[in-house]
Amino acid sequence: MEEKLTLFKNRKRFGIEKNIDIIFKNTALVLSSFVAIILLGIILVVFFQSLESFSRYGLKFLVTSEWNPVKDEYGAFTAIYGTLVTSFLSLLITIPLGVGTAIFITEDFVPKVVREIIGSFVELLAAIPSVVLGLWAIFVMEPFFRAFFVFLHNFFGWIPLFSTEPTGRNSFLAILILVVMLLPIVTSIARDSLNQVPKKLRNAAYGIGASRWKTIFSVILPAALSGIMAGVLLALGRAMGETMAVTMIIGNSNAFSWSLLSPGYTISSMLANQFGEADGSQVSSLFYAAFVLMILSLVVNIFAQWLVKKFSLKY
Amino acid sequence: MNSLYYQKRLSRNIGDKFFTSLSIICALMAILPLIFLVTYILYKGGSQITPELFILEPNPPGDDLDAGGINPALIGTLIITTIASIIAIPVGVGGGIYLAEYSNGGAFSRFIRFGVNVLAGVPSIIAGVFIYALIVSTKILFGSMYSGLAGGMALSILMLPTVIKTTDEGLKLVPNELRYASLGVGASMYTTILKVTLPSAFRSIATGVVLGIARAAGETAPLIFTALFSYYYITGFGDLFYEMGSLAVLIYNFALEPYDAQNKLAWAASFILVLSILSVNICSRILAAFTEKTKRV
């Protein structure tokens, strides 16, 4: 398109119209660079605000779990551990469920209308605000799972993950509500990548006598894998940064515990809880924690984009 | 002998049956709780709706049985999302125009598109932290700290990537013939964009923007320490510079209260929020499906 447009550039025009054209183009240019400015601004502001805490605690901040505004001792290990554990375990549950659902939607087990309704319903769920999910988690999910947690503790208490008496709000519930939030993301991205696999591949597999699931496992899933992986990574980024629902249900305790049945913390829930009332070096420490969270989600996101670009389907 | 007929006992057929039922179970396990969730929110919230809800202020949590209404939060949500839209839509549409119409796939536009994707992945609470550092703690807005204005700015950061992306993609779908025709009859580039390409991409851009606004209306994390919360009616323009309530923050605050009356208010607010977000989503879906059909004919 570009070379064709150059034809029009050297032609005579009234001065004022030319100027408007130039102004219009440059305004658009400036507006588009706002994205970069905001992104850099966020990184720089959070980084510089965390410098004070960074110079005082250094990398020790990442591995100690003391968080004591009275003694001015800060370490975010509990929150970082909570962020990683809740996001990875929730993905572990979401991936089979989401991909299974996506396969169900893309295969022809049920009529197309039913599948389309299920598909758009799942997508609609992504639109429900997380604070509403948190409310639901507090009043519906928590009572519902109480007995199950007691059972887990009684029978699997020897596993460190279930070693403490279950409390009302705990990390396990946070994982479950994250599953509810991630399911629509993973399902819809997996469905899209499965749909993009050309029909020829399926027909070829059927033609040489492969059964339906042999075809899915050996042909279709491998072909859609990069897209699904990217979706999973995007979901991981979301899970790490997810704030409201997790804050409302995780119990918000900085006491470190391996157990999922005890209250925990994530970086974002710590920010949501403490930022409003913090002062002094606590603010800087919170910015430090925010910086860690930002780096984690940036790395995951950039990796996801790289994956999409590198392995996007070319048929 | 019978190899032309379907054999149930064959291991591959048993395996196929097994995996088919497994995927059906997955789908059921995924969908049933989700259906339950939506109906529960709509039922539980819907049963709390009364006319006074829309008129009264919420009462401060306490032992009194009457929790009041959610008027300030409702108006606050409208104001804050309007502020966010006023900032994000011009910037986003302008940026999208540059990416789709002017850039030629060079390093700059690739960097911006990459930045849009990265910004879309930034956790929403980080946007709040950023605005807190930039505006709330510096009191740069005429000495006011927590304000509806700051909250709107935080939300606009979250809306921006959606708006740019939908503008960019909507404009890219406009056939080049339209541009050639317009330029060919002597229109300048900006006339072409404003009179030809933008109008023909208007519907898809508008759909994306509206969905972005709906998403922003439910965001809580960027508001809890930028706009904070307020129990009082919004009376005039000056209130923009003070703490402002919103439905999302009201749900967060009142869900954690130990009092039943406040919890009910939270359910009512969720009902309004979810119902409006879902109806916007469903409407835009129907509209998109409808336009697709008319285009094909």
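Chain A has eleven helices and two strands, where helices (H or I, at least four residues) and strands (E, at least two) are DSSP runs numbered from the N terminus. The model is predicted: local features need pLDDT of at least 70, side-chain atom pairs count only at pLDDT 80 or more, and totals for chains, interfaces and linings use all residues. Residues are numbered from 1 along each chain as its sequence is written, and chains are lettered from A and ligands numbered from 1 in the order in which they are written.

**Exercise 1. State the order of elements in chain A, and decide whether the chain is spread out or a compact globule.**

Step 1. Reading from the N terminus, the elements of chain A run α-α-β-β-α-α-α-α-α-α-α-α-α.

Step 2. The radius of gyration, taken over C-alpha atoms, is compared with the globule rule, 2.2 Å times the number of residues to the power 0.38. For the 315 residues of chain A the rule gives 20 Å, and the radius of gyration is 25 Å, well over that value, so chain A is more spread out than a compact globule.

Step 3. Along the principal axes, the C-alpha trace of chain A spans about 75 × 65 × 35 Å.

Step 4. A residue is buried if 20 or more other C-beta atoms lie within 10 Å of its own, exposed if 12 or fewer, and partly exposed in between, with C-beta atoms placed from the backbone. In chain A, 45% of the 315 residues count as buried.

**Exercise 2. Find the elements of chain A with the lowest and the highest mean pLDDT.**

Step 1. pLDDT is the predictor's confidence in each residue, from 0 to 100. Chain A has a mean pLDDT of 88, and 94% of its residues reach 70 or more.

Step 2. Among the elements of chain A, the lowest mean pLDDT, 55, belongs to helix 1 (residues 2-6), and the highest, 93, to helix 3 (residues 77-106).

**Exercise 3. Describe chain B in the terms used for chain A.**

Step 1. Chain B comes to ten helices and zero strands.

Step 2. The globule rule gives 19 Å for the 297 residues of chain B, and the radius of gyration is 25 Å, well over that, so chain B is more spread out than a compact globule.

Step 3. The C-alpha atoms of chain B fill a box of roughly 80 × 70 × 35 Å along the principal axes.

Step 4. Of the 297 residues in chain B, 46% are buried.

Step 5. Two residues are in contact if their C-beta atoms, placed from the backbone, lie within 7 Å. Among the contacts in chain B with a separation of 6 or more, 75% are between residues 24 or more positions apart.

**Exercise 4. Characterise the side of chain A that touches chain B.**

Step 1. The contacts involve 74 residues of chain A and 73 residues of chain B.

Step 2. Helix 2 (residues 15-57) of chain A gives the most to this side, with 20 residues.

Step 3. Ala, Val, Leu, Ile, Met, Phe, Trp, Tyr, Cys and Pro count as nonpolar, Asp, Glu, Lys and Arg as charged, and the others, Gly among them, as polar. By these classes the side has 48 nonpolar, 19 polar and seven charged residues.

**Exercise 5. Is A:I118 buried or exposed, and which residues does it touch?**

Step 1. A:I118 lies in helix 4 (residues 112-125) of chain A.

Step 2. A:I118 counts as buried because it has 21 C-beta neighbours inside 10 Å.

Step 3. Leaving aside residues up to four places away in sequence, A:I118 touches A:I105 and B:I31.

Step 4. A:I118 and A:T101 are 17 residues apart in sequence, and their C-alpha atoms are 9.5 Å apart in space.

**Exercise 6. Locate A:D72 and B:L228, and say for each whether the residue is buried or exposed.**

Step 1. A:D72 is not a glycine, yet it has a positive phi of about 60°. A:D72 sits in the loop between strand 1 (67-68) and strand 2 (73-74) of chain A.

Step 2. A:D72 counts as exposed, since it has 11 C-beta neighbours inside 10 Å.

Step 3. B:L228, also not a glycine, has a positive phi of about 55°. B:L228 is in the loop between helix 8 (202-217) and helix 9 (247-255) of chain B.

Step 4. With 22 other C-beta atoms within 10 Å, B:L228 is buried.
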